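Dear colleague,

Please find below the structure that I am handing over to you, together with its sequence.

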Amino acid sequence: MSAPLIAPLIEAAGLSVAYRGEDGAPPLQALRAVSIAAEAGEVVGIVGESGCGKSTLAAALIGLLPGNAVVTAGTVRFRGTDFLALPEAGRRGLRGRHIAMAFQDPMTAFSPVLTIGTQLTDFQHHLAGQGRAARRARAGAMLARVGIADAARVLDHYPHELSGGMRQRAAIAAALLMTPEVLIADEPTTALDVTMEAQIIHLLRELRRDYHGAIIVVTHHLGVVGELCDRVHVLYAGEVVETALVDDLYHRPAHPYTRALIACDPAGLTGVTRPLPTIPGRVPELAPPPPGCAFAPRCTLATARCHIEAPPWVAVGPGQGARCHEARPRGCDPGGTDPKGADANGAIR
Ligand SMILES: Nc1ncnc2c1ncn2[C@@H]1O[C@H](COP(=O)(O)OP(=O)(O)OP(=O)(O)O)[C@@H](O)[C@H]1O
Ligand SMILES: [Mg+2]
């Protein structure tokens, strides 16, 4: 089958991932028919409460799902190539060089027993023809680029000698040293204080300006989304429940879950970062997921149908769609009447 003429740089289509249950327990369906895509030059946000499947999606996109995860449906394509169907050696070839991830916990990016300089030098093994000294110099320059003062000295430090903010920056530097076409940043500001968080956001904004690849930012923080992203996918209980351009998401949210997130957190509109607010109730169990709409038990608009019948994907406007029985195309809105641009899986181009 031939790839579409202009394939997105990276794309998950109808992706379902389950974690095997232990001791005969049913599998936990962490992702259900998730479709997202990112083009070169675009920053795509993945937002949702804890446990909604954000890190599972990030791991699937880079082909690093844990051993107990099973892809039960769908594909991940990088430049049209089915990434998950490649043998591990092929995936390794793409990973790092073409797709790199700054991990949620920056400690996992680094070995505790080697200095930052040694590791950042080793990460550049793909740069044929460059000696160690040149790679180390490049590592130092990248640390300076991500705002680490005294980078030459930091190269000699071990990971535990760095502050949380510095480790987070070093993890981003590590990912960037691979010169990837797709950079995935999983919760790049979690566990940072407000000042550090602002600095990392500033760094990502600069990257956004200078970097021509795709950036996928996974976050709890609506403010991070507003500051950085072009397009946003809202995940709830392993499903994309809304996809929208960032402006539409804030000003014309179509899914009650998105509206609840924003209503609780008007600061998201101003770009002031803060964690997602608490919505009454909790994310449902995913082993197995509930029938009907997973958000129905917490939704103020839910009708009897919502609890039994899975909602369809509704294209509400250009580039915007929501998985909700109550969502309607913005038919009377002169600013956005054309529901084209969203396919049945919710992949919006
Ligand atoms: N290795 C694993 N084995 C079994 N279940 C897992 C594993 N990793 C995640 N899960 C489960 O899969 C679901 C999705 O988890 P995931 O870590 O992807 O969510 P998340 O949105 O990244 O959450 P957070 O915001 O807390 O990082 C959760 O129910 C979680 O408990
Ligand atoms: Mg996570």
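**The ligand site**

A polar backbone atom of S55 lies 2.8 Å from an oxygen atom of ligand 1, a polar contact being a pair of N or O atoms within 3.5 Å; within protein, one must be able to donate a hydrogen and the other to accept it, and residues adjacent in sequence count only if both atoms are side-chain atoms. The protein covers 68% of the 630 Å² of accessible area that ligand 1 has on its own; accessible areas come from the Shrake-Rupley method with a 1.4 Å probe, and for residues only the protein chains shown count as cover.

Please note that this is a predicted model, in which local features need pLDDT of at least 70 and side-chain atom pairs count only at pLDDT 80 or more, while totals for chains, interfaces and linings use all residues. Residues are numbered from 1 along each chain as its sequence is written, chains are lettered from A and ligands numbered from 1 in the order in which they are written, and side-chain values use heavy atoms, with hydrogens and water left out.

Two further polar contacts involve side chains. An N or O atom in the side chain of K54 is 2.7 Å from an oxygen atom of ligand 1, and a nitrogen atom of ligand 1 has a polar side-chain atom of N68 at 2.9 Å. In total, 16 residues surround ligand 1, and the closest are S50, G51, K54, S55 and T56; a residue is near a molecule or strand if one of its heavy atoms lies within 4 Å of it.

By class, this shell has five nonpolar, eight polar and three charged residues. Here Ala, Val, Leu, Ile, Met, Phe, Trp, Tyr, Cys and Pro count as nonpolar, Asp, Glu, Lys and Arg as charged, and the others, Gly among them, as polar. Strand 2 and helix 1 (54-61) each supply at least two residues of the shell, and helix 1 gives the largest share, three residues. Helices (H or I, at least four residues) and strands (E, at least two) are DSSP runs, numbered from the N terminus.

Two strands pair if DSSP finds at least two bridges between them. Strand 1 (residues 10-19) runs antiparallel to strand 2 and is joined to it by seven bridges, with Y19 opposite L28.

A69 lies in strand 4 (residues 69-78). A69 has a relative accessible area of 15% and is therefore buried, where buried means under 20% relative accessible area, exposed over 50%, and partly exposed in between (1.4 Å probe, protein chains only). Not counting residues up to four places away in sequence, A69 touches V17, A18 and Y19, contact meaning heavy atoms within 4.5 Å. A69 and P27 are 42 residues apart in sequence, and their C-alpha atoms are 9.3 Å apart in space.

**Strand 10 and its partners**

Strand 10 (residues 239-245) contains E239. Six of its seven residues are buried, so strand 10 is largely enclosed by the rest of the structure. Strand 10 pairs with strand 9 (residues 231-236) in the antiparallel sense over six bridges, and H233 has T243 as its bridge partner. The two strands form a hairpin with two residues between them, and A237 in the turn has a positive phi of about 50°. Strand 10 also pairs antiparallel with strand 12 (residues 320-323), over two bridges; there, T243 has G321 as its partner.

E239 is buried, with a relative accessible area of 17%. Its contacts, leaving aside neighbours within four places in sequence, are R32, V34, V234 and R323.

**Helix 2 and overall figures**

R91, in helix 2 (residues 88-94), counts as buried at 18% relative accessibility. Beyond four places in sequence, R91 touches G63, F83, L84 and L86.

The protein comes to 12 helices and 12 strands, and buried residues make up 54% of its 349 residues. Among contacts between residues at least 6 apart in sequence, 62% join residues at least 24 apart. The protein exposes about 15000 Å², of which carbon and sulfur atoms supply 58%.

Yours sincerely
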